[in-house]
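The sequence and the structure are shown below.

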Amino acid sequence: MPLPPLQLNRPMLKILKYSFYDLIRSRWSYVYFLFYLALGFVLLFLNNDLSKAVITLMNVIIVLVPLIGTIFGVMYFYNSKEFTELLLAQPLKRSSIFLGQYLGVAGSLTLSLVLGLGLPFVLYGLFRSEAIWDFSLLLVTGAFLTLIFTGLAFNIALSNENRIKGFGYAVLLWLFLAVIYDGMFLLSLIVFEAYPLDTFSLVASMFNPIDLSRTLILLKLDISALLGYTGAVFKQFFGTNTGLFVSIIMLFLWTLLPIWRLAYISKRKDF
Amino acid sequence: MKFKPIFFILFTGAALYAKAIPVCHACEIKSIKEGIHQADDFDTLLIKKGRYKEYNIVVDKPLTLLGEDFPIIDGEDKGEIITIISDNVTIDGLFIINVGTSYTSDFAGIRVKKCKNFLIQNVVLEKLFFGIYLEKAGDGRVFHNKIIGDAVNEYSSGNGIQLWYSKNIVVDQNIVQHVRDGIYLEFSDNITIQNNSSSNNLRYGLHFMFSNDDVYTNNVFENNGAGVAVMFSKKIKMTNNVFRKNWGTASFGILLKEINDAEIIGNTFEENTVGINVEGSNRIQYRHNDFINNGWAIKVRGACYNNSFINNNFLYNSFDISYNSKMNDNVFENNYWSDYTGYDLDKNGIGDIPYRPVKLFSYIVNRTPETIVLLRSLFMDIIDFSEKVSPVFTPDNLLDANPLMKKSVRSPIR
């Protein structure tokens, strides 16, 4: 199957701009933005140590960002259904319509995240701190997680006419990747404890974007000393340029696959 | 401290008829060796500022070697520098560098060999193999020395202060850095180690082997390769020490292995991968210690009976206690746990519901170490919570029945 061309054509940009401004004007973006802003300030107020705040933020980001991306994506898709149908009646490419909307939502969410967390950290002297790389990695993975989970949510919404079902699947997806996957991971580690599991755990954490982000950030922080021998194996992989490269490629794949499927399905779907 | 009067009497008494012999490049006596040769018992060798290229200096009479403005004794990496084989020797104010390296005879900056009543103070040692080596020595004092090594590999470096078959020694106010083991004791009893700072050493800040009835107090151990190891020893008192930043995959604040009847009181463990790693140790009292921001505050490896953990503060550790068996014979009582979420309805300062310090995750990690990769995963928080509500896997009698609601504050006088 050849990938559909993903060039940013003019109508798509226009729809992206429309969705983006629509969201920027909406209350939810502000709530989201203000939430991160408050979180950042409170964290840094309570604990002036930037690198410690990065650890706490990691916990928030790997749970909350996917959840909000999923819920927001599904919600936006269903809410703007009438408008989408109106657009579909126009002589526009379908992929432009959906990709425009997707990029609008994901873009505004990412912007809220980056600005909301970035501002307090910059004000507390991020640029003079050694934590800047850890923090940038945190924001990059946060942005990736937003893109991935919004994309997955759009896919679910596009495939389910029934809103309740769509919401259900979306929440289930989040639950699976954030919680259940780790449970299965843990079980398999315990069941197969007699075997060497280093490669297995490396691969298993690659296949879940949340685990991948968690591992990436964890290994950059000095908390990685807790990981012991397994951590050393992980560090040997993720710590090198190859490891970082492979993980970024994985995150890219996780982003591109939903987008590609979105374009593919939207082209064939009968509205 | 208890040796001070002895020295006082010795040296004031000796000074009445002892003479001072100046040693310098312009003096009559140009080398330390010659000075020792010329001196009578209880004389003082006044070593003036300068560089003395000497090694294998044997002090075989009760003398005082007193340096003025830190004269440099340069061994030029040829061998041992000062060897004391007489009782009542004082070494004071020397700067000793370039000790030779030998894997068969363990060259030291200063070696005290089978003698008593010595005092080594205000000595600076650099570029060394072994620093101060006390061999079958007794009743001495190592005071206010500074030992800065340049150790790179464990196998090719020596220890800062080493005590071997020595008795009744006080090691006080020394600074030891960048050697293999900062302070090392083997078969040495009744030793007091106090107010020292041992940091950035390759292996251990302080290392006990087969040494009994020793006390170490008010020391700071920071950023050592593995921390402090106390092994195969009895009746050791460890009080008011600070163990900081022993951070690495195989590091700990203290490693206790086969230790019986020890007291660990009033110490601070901060930012260590493992605060205390305990193995086969019985009847140990842990009181008034602070465990702050460690990976594991205490890791109990097994065969540990009759230990009591009372009035300690456990603050913000990733894991408070790790246990590898379902059996528990140790007592946890009146500790403060920052993770405690209980309440105190009768306002007596003691929580009304018990605290379970072993999390399910730490139990699982003990069983299958690979599972540590799930650190800080949401799933782990959820199962930890459910285990907290109804314990299934963790030993059900391992609990602090009376956890404190506020940090335990030590009274200044104990």
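B:Leu134 has B:Leu163 of E16(B) as its bridge partner. The coordinates that show this pairing belong to a predicted model.

**Strand pairing in chain B**

The bridge between B:Leu134 and B:Leu163 belongs to the pairing of strand E13 (residues 130-135) with strand E16 (residues 161-164) of chain B, which is parallel and comprises 4 bridges. Strands of a sheet pair through backbone hydrogen bonds, in either a parallel or an antiparallel sense.

E13 and E16 also take their places in an open sheet of 12 strands in chain B, ordered E4-E7-E10-E13-E16-E19-E22-E25-E28-E31-E34-E37, with parallel pairing. At the edges stand strand E4 (57-59) and strand E37 (319-323) of chain B, each of which pairs on one side only. From one strand to the next, the twist averages 10°.

Further parallel pairs in chain B involve strand E14. Strand E11 (residues 119-121) is joined to strand E14 (residues 138-143) by 3 bridges, and B:Gln121 has B:Phe143 of E14(B) as its bridge partner. E14(B) in turn pairs with strand E17 (residues 167-172) of chain B through 5 bridges, again in the parallel sense. In that direction, B:Gly138 finds its bridge partner in B:Lys167 of E17(B).

| Strand pair (chain B) | Sense | Bridges | Bridge partners |
|---|---|---|---|
| E13 (residues 130-135) and E16 (residues 161-164) | parallel | 4 bridges | B:Leu134 and B:Leu163 |
| E11 (residues 119-121) and E14 (residues 138-143) | parallel | 3 bridges | B:Gln121 and B:Phe143 |
| E14 (residues 138-143) and E17 (residues 167-172) | parallel | 5 bridges | B:Gly138 and B:Lys167 |

**Chain B as a whole**

The secondary structure of chain B consists of 4 helices and 39 strands. Its C-alpha trace spans about 85 × 40 × 30 Å along the principal axes. Chain B has 414 residues, and 46% of them count as buried. Among contacts in chain B with a separation of 6 or more, 46% are between residues 24 or more positions apart.

**Loop residues of chain B**

Most residues other than glycine have a negative phi. B:Asp106, although not a glycine, has a positive phi of about 45°. This residue is found in the loop between strand E9 (95-97) and strand E10 (108-113) of chain B. With 17 other C-beta atoms within 10 Å, B:Asp106 is partly exposed, because a residue is classed as buried at 20 or more such atoms and as exposed at 12 or fewer.

B:Asn306 likewise is not a glycine and has a positive phi, of about 60°. Its loop runs between strand E34 (296-300) and strand E35 (308-310) of chain B. B:Asn306 has 14 other C-beta atoms within 10 Å and is therefore partly exposed.

B:Tyr305 lies in the loop between E34 and E35 of chain B. It is partly exposed, with 13 other C-beta atoms within 10 Å. Leaving aside residues up to four places away in sequence, B:Tyr305 touches B:Asn282 and B:Asp329. The C-alpha atom of B:Tyr305 is separated by 52 Å from that of B:Asp74, which is 231 residues away along the chain.

**Helix packing in chain A**

Helix H5 (residues 94-123) and helix H6 (residues 132-159) of chain A cross at roughly 155°, and their axes come within 9 Å. H5(A) and H6(A) are therefore roughly antiparallel to each other. The crossing is right-handed. On the H5(A) side the contact includes A:Leu109, A:Leu113 and A:Phe121, and on the H6(A) side it includes A:Phe135, A:Leu139 and A:Phe154. By class, this contact has 13 nonpolar and 6 polar residues, with no charged ones.

H6(A) also packs against helix H9 (residues 209-220) of chain A, at an angle of about 180° and with the axes 10 Å apart. These two helices are therefore roughly antiparallel. Among the residues that make the contact are A:Asp134 and A:Leu145 of H6(A), together with A:Leu216 and A:Lys220 of H9(A). The residues of this contact comprise 7 nonpolar, 2 polar and 2 charged.

**Contact between the chains**

Chain A contributes 27 residues to the contact between the chains, and chain B contributes 19 residues. On the side of chain B that touches chain A, 9 residues are nonpolar, 8 are polar and 2 are charged.

How values were computed: Residues numbered from 1 in each chain as written. Chains lettered and ligands numbered in written order. Predicted model: local features only at pLDDT ≥ 70, side-chain atom pairs only at ≥ 80, totals over all residues. Contact = placed C-beta atoms within 7 Å. Nonpolar A, V, L, I, M, F, W, Y, C, P; charged D, E, K, R; others polar. Axes fitted to C-alpha atoms, helices over the stretch in contact; angles between N-to-C directions. Parallel < 35°, antiparallel > 145°, perpendicular 65-115°, else oblique. Left-handed = near helix turned anticlockwise from the far one by under 90°. Pairing = 2+ DSSP bridges.
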